[in-house]
Amino acid sequence: MYLINHFLDKTILGNPVPFVEKLNQTNAATGVGSLGAQVDGCVAQHSKPPNFMLVDVRFNHRFSSS
């Protein structure tokens, strides 16, 4: 059982902050720098996918209170 951390940060004033502009790429199932690509690398290296994936999730919409 293992965990992967999958964040894409940028630096602002010397501090790492989530790279919000690239969340769709970072948390995607496929593509360069995607969560899916990292899982594929884990499977290639360890012959199994991770049990847990820690991702940087942000919601870009508002929830209705109705």
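This is a predicted model: local features need pLDDT of at least 70, side-chain atom pairs count only at pLDDT 80 or more; totals for chains, interfaces and linings use all residues.
1. Two strands are said to pair if DSSP finds at least two bridges between them. Helices (H or I, at least four residues) and strands (E, at least two) are DSSP runs, numbered from the N terminus.

2. Residues are numbered from 1 along each chain as its sequence is written, and side-chain values use heavy atoms, with hydrogens and water left out.

3. The chain has two helices and four strands. Read from the N terminus on, the order of elements is β-β-β-α-α-β. Of the contacts (heavy atoms within 4.5 Å) between residues at least 6 apart in sequence, 52% join residues at least 24 apart.

4. Strand β2 (residues 9–12) pairs with strand β3 (residues 15–18) in the antiparallel sense, over four bridges. Ile12 stands opposite Asn15 in β3. The hairpin of β2 and β3 has two residues between the strands, and Leu13 takes a positive phi near 55° there.

5. How many salt bridges does the structure hold? It holds one, where a salt bridge is a side-chain nitrogen of Lys or Arg within 4 Å of a carboxyl oxygen of Asp or Glu. Side chains of opposite charge can pair when their charged atoms come close. The partners are Glu21 and Lys10, with their closest N and O atoms 2.9 Å apart. The pair links distant parts of the chain, 11 residues apart: Glu21 is in the loop between β3 and α1, and Lys10 is in strand β2.

6. For accessibility, buried means under 20% relative accessible area, exposed over 50%, and partly exposed in between (1.4 Å probe, protein chains only). Glu21 is exposed, at 58% relative accessible area, while Lys10 counts as partly exposed at 25%. Buried residues make up 18% of the 66 residues in the chain.

7. Leaving aside residues up to four places away in sequence, Ser34 touches His6, Gln25, Thr26, Ala28 and Ala29. A polar atom of the Ser34 side chain also lies 2.7 Å from the backbone oxygen of Gly31.

Conventions. A polar contact is a pair of N or O atoms within 3.5 Å; within protein, one must be able to donate a hydrogen and the other to accept it, and residues adjacent in sequence count only if both atoms are side-chain atoms.
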